[in-house]
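Work through the following exercises with the sequence and the model in view, and compare each step with the solution given.

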Amino acid sequence: MKNPLNLEGKVAIVSGGASGIGLGTGKLLAEYGAKVVLLDINQEKGDMAVEEITNEGNFAIFKKCDVTNNEDCKSTIEFVEKELGRIDILFNNAGVTVRKTVVDLTEKEWDFVIDVGLKGTYLLSKYTIPIMAKNGGGSIVNTGSGWGLKGGDKAAAYCAVKGGIVNLTRAMAIDHGPQNIRVNSINPGDTDTAMLRDEGRQLGETEIDAFLVESAKGRPLERLGEPLDIAKAVLFLCSDLSTWITGTALVVDGGGIA
């Protein structure tokens, strides 16, 4: 039998790809044969990420892209199609958080979180979907969160973004299913990334390792997620193992919201 996880011949775009879940997913998709394009605003980290993937003998390129900027997203997607000929997978993963209530958030902070997470998902999808449709279909995975399915404290803008992404995903699945484009959201729990560590600092934590240990308490599997945990689920949603799955919100959180 053909390996249903084999992604050879496919082109995958990963936003927020220079670190954390984005990098972990980019590495795994490349290991399974995809040509991976990492998008991020951090050129230095992006170049390091590409080196990490290519040193393993896999294909990756980096493109600096501000996902909140329409022209940046449009030109980036046009570049990928011109250079690689197609786009089969889009992992809308770029996101940021500001841990504040609606009372404490500034308008600028609110706009920043909303624009990176929600507008970025919209813009990259807007320009990618016609290319996928032209080539017979594809898979889009949007990064939601457990807090897109339930509330969380001191994270009003983040919860708004992730809730929006979960339902945007459903709407996109309905609209673009006839074009053989599957759209799903991945909804991680606390995952050991630079972003989670920064959240701890925003909340006034000084012992970050202790904060991470505390974050893992109470969930059935009794540990934090690792980027690879999330990457494996994305691989599943991009592979032939999930050909009749679309519009779903897959929770990957060690049982945190069970």
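Helices (H or I, at least four residues) and strands (E, at least two) are DSSP runs, numbered from the N terminus. This is a predicted model, in which local features need pLDDT of at least 70, side-chain atom pairs count only at pLDDT 80 or more, and totals for chains, interfaces and linings use all residues. Residues are numbered from 1 along each chain as its sequence is written, and side-chain values use heavy atoms, with hydrogens and water left out.

**Exercise 1.** Locate Val103 and decide whether Val103 is buried or exposed.

*Solution.* Begin with the chain: Val103 sits in the loop between β4 (89-92) and α4 (107-134). Next, take the cut-offs, by which buried means under 20% relative accessible area, exposed over 50%, and partly exposed in between (1.4 Å probe, protein chains only). Val103 is therefore exposed, because its relative accessibility is 72%.

**Exercise 2.** Classify Asn93 in the same way, as buried or exposed, and find what its side chain reaches.

*Solution.* Asn93 also belongs to the loop between β4 and α4, yet its relative accessibility is 11%, so Asn93 counts as buried. Its side chain reaches the backbone oxygen of Gly16 at 3.5 Å. Contacts (heavy atoms within 4.5 Å) link Asn93 to Ser15, Gly16, Ile21, Gly22 and Thr143, leaving aside residues up to four places away in sequence.

**Exercise 3.** Which residues does Phe91 touch, beyond those up to four places away in sequence?

*Solution.* With that sequence limit applied, Phe91 touches Ile13, Val14, Ser15, Ile21, Thr25, Val141, Thr143, Ile186 and Val234.

Key
Polar contact = N/O pair within 3.5 Å; in protein donor to acceptor, adjacent residues only side chain to side chain.
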